[in-house]
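Here is a short briefing for a first look. Keep the sequence and the 3D view open while you read.

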Amino acid sequence: MPTGDKNAGGRILVVDDEAIVRDVLEELLGKAGHEVDLAVSAEDALVALEKQSYHAILLDFMLPGMGGFDALSRIKATRPEQIVIIITAFGSIEHAVQAMRLGAYDYLTKPFKNEEVLLVVRNALRQQLLEEENRNLRQALRERHRFERIIGKSKPMQEMYGLVEQIAPSRSTVLIQGESGTGKELVAHAIHEKSPRVKMPFLTVNSGSMPPDLLESNLFGHVRGAFTGAVQDKRGLFEAANGGSIFFDEISTLNPEVQAKLLRVMQEKEFIPLGTVSSVKVDVRIIAATNIDLMDLVGREAFREDLYYRLNVISLRMPALRERKEDIPLLVDHFLEKYSLENQKSARRLTERALQALMDHSWPGNVRELENALERAVVLSTSGVVDLDLLPPSLLTDSASGPALYLPPDGRSLQNQVQRYERQLIVDTLRRTQGVQKRAAELLKVKPTTLNEKIKRLRIQNPA
Ligand SMILES: Nc1ncnc2c1ncn2[C@@H]1O[C@H](COP(=O)(O)OP(=O)(O)OP(=O)(O)O)[C@@H](O)[C@H]1O
Ligand SMILES: [Mg+2]
């Protein structure tokens with residue numbers, strides 16, 4: 001672990017309108033091995049920040065022109081990770097408190113002691129270094145547990161990666177089945193990217209979002225005059241994707257005519273554009289995805305059996321998120337980082353209990369639901385840490401499915417588990433009775449005094 005002295009050499013910007021304060025800090029910090037730049041106003045500091053980044057900024061709060069508050073908010077808006085240490089006059093502690101709320105790292109009150117300045121600066125730099133190391137470590141860990149853009153280290157995911165590696169080189173059709181939001185589209189991409197076709201097009205067809213006629217002409221193309229409105233020749237997706245892959249998203253929505261045509265292309269490797277008689281040869285790999293059981297549709301004669309078998313040459317089943325909960329922390333890390341960068345926030349960590357809530361949820365919407373929950377949390381966040389209050393309320397009272405039974409590898413106490421369940425039931429019931437305990441006790445079939453004791457013991461906040 002690096003020591004304080006070793007990383008004492010950070011670059012620091014001192015912002016103060018008083019020459020004497022600037023001089024003192026420049027000398028003090030310079031002697032301690034820091035590189036120091038000076039700014040006489042907030043405006044000056046913002047200009048300096050455009051040219052140079054600083055490990056820490058010491059910012060006087062009482063500046064002529066743009067005040068410290070404004071400066072701090074502006075700095076934090078574009079550089080959420082920037083360490084800013086506030087300098088306030090003795091006696092304006094409420095300023096300091098407000099500044100901390102805006103994301104200041106710490107504050108110093110004038111007149112300050114030399115050791116105090118050095119200590120605060122050294123701690124700030126050390127924390128920054130640790131956070132950076134931590135981020136790098138987690139990044140490295142994630143890199144080891146990803147496959148193309150797919151994240152996950154659980155056994156079912158590793159098996160899936162192995163299968164993709166194995167099938168990617170061939171030309172065989174792949175049918176990807178799995179619940180909504182499990183990453184079927186990502187896998188379809190990965191198959192293409194790992195295949196020799198990678199330099200050729202990968203086109204996606206969503207048959208559900210298009211009227212059948214339009215779909216047909218989109219897929220196979222037409223010549224001028226083939227139907228009213230066909231004012232010029234149009235190349236279809238099959239021709240455009242020649243040499244590459246076509247991904248049929250939600251293939252179950254394909255209507256019978258298109259099903260028949262698709263079957264023909266798959267069998268003959270050729271098709272006839274609308275309005276012509278001559279066929280066109282193509283070499284396209286077909287990847288299809290569905291989140292409903294195609295076999296079931298076949299049984300109800302809503303999907304052609306012969307097409308089903310043609311598609312299902314290789315079948316891939318995407319595991320639901322609740323079947324691989326050990327991947328949740330990795331995914332959390334990934335999405336927090338992604339949305340922090342996108343929104344210029346620094347919400348990079350979950351509290352223990354927030355993570356626990358995610359582990360307990362049953363995730364009917366799978367990774368997409370998790371991703372949306374985390375994006376929301378990052379956007380709403382005001383600090384580096386995400387706690388329960390930023391998670392979607394529905395997630396905390398997921399009583400329809402009850403708390404999903406997640407058993408970590410090192411076990412978990414039955415008593416705690418039962419208590420969590422008890423807590424959740426009571427919270428749900430109180431919500432339903434708008435906080436009326438007597439009514440809640442009736443619904444839960446316990447004495448009001450018993451319920452009241454439990455509410456106290458479990459520290460439940462009555463919603464009323
Ligand atoms: N293993 C994963 N790692 C990283 N991101 C993932 C993973 N799985 C899914 N996602 C993300 O979740 C979202 C949904 O994934 P995708 O669109 O591939 O799901 P899907 O199975 O096609 O869902 P649907 O059936 O609803 O179309 C996307 O934003 C995707 O990037
Ligand atoms: Mg999809």
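Predicted model: local features only at pLDDT ≥ 70, side-chain atom pairs only at ≥ 80, totals over all residues.

The chain is assigned four stretches as domains: domain 1 (11–141), domain 2 (156–319), domain 3 (322–396) and domain 4 (414–457). Ligand 1 is surrounded by 18 residues, and the protein buries 84% of the area that the ligand exposes when taken alone.

**Domains**

- Domain 2 (156–319) and domain 3 (322–396) each give at least three residues to the shell around ligand 1.

**The ligand site**

- Four elements each supply at least two shell residues: strand E7 (150–151), helix H7 (184–193), helix H13 (328–343) and helix H15 (366–380).
- By type, the shell holds seven nonpolar, five polar and six charged residues.
- The side chain of Arg368 has an N or O atom 2.8 Å from an oxygen atom of ligand 1.
- For Glu371, a side-chain N or O atom is likewise 2.8 Å from an oxygen atom of the ligand.
- Thr182 takes part through its backbone: an N or O atom there lies 3.3 Å from an oxygen atom of ligand 1.
- Alone, ligand 1 would expose 630 Å², and the protein covers 84% of that.

**The sheet**

- Strands of a sheet pair through backbone hydrogen bonds, in parallel or antiparallel fashion.
- Here five strands make an open sheet, ordered E2-E1-E3-E4-E5, with parallel pairing.
- Strand E2 (35–39) and strand E5 (106–110) form the edges, each pairing on one side only.
- On average, neighbouring strands of this sheet are turned by 20 degrees against each other, direction ignored.
- Strand E3 (residues 56–60) and strand E4 (residues 84–89) run parallel and are joined by four bridges.
- Leu59 has Ile86 in E4 as its bridge partner.

**Backbone details**

- Most peptide bonds are trans, and most residues other than glycine have a negative phi.
- The bond from Lys110 to Pro111 is cis, with omega near -5 degrees.
- Pro111 sits in the loop between E5 and helix H5 (114–144).
- Glu148 is not a glycine, yet its phi is positive, at about 50 degrees.
- The loop between strand E6 (146–147) and E7 is where Glu148 is found.

Conventions
Residues numbered from 1 in each chain as written. Chains lettered and ligands numbered in written order. Heavy atoms only, no water. Near = heavy atom within 4 Å. Polar contact = N/O pair within 3.5 Å; in protein donor to acceptor, adjacent residues only side chain to side chain. Areas by Shrake-Rupley, 256 points an atom, 1.4 Å probe, with all protein chains shown as cover. Nonpolar A, V, L, I, M, F, W, Y, C, P; charged D, E, K, R; others polar. Domains from an automatic or database assignment. Pairing = 2+ DSSP bridges. Axes fitted to C-alpha atoms, helices over the stretch in contact; angles between N-to-C directions.
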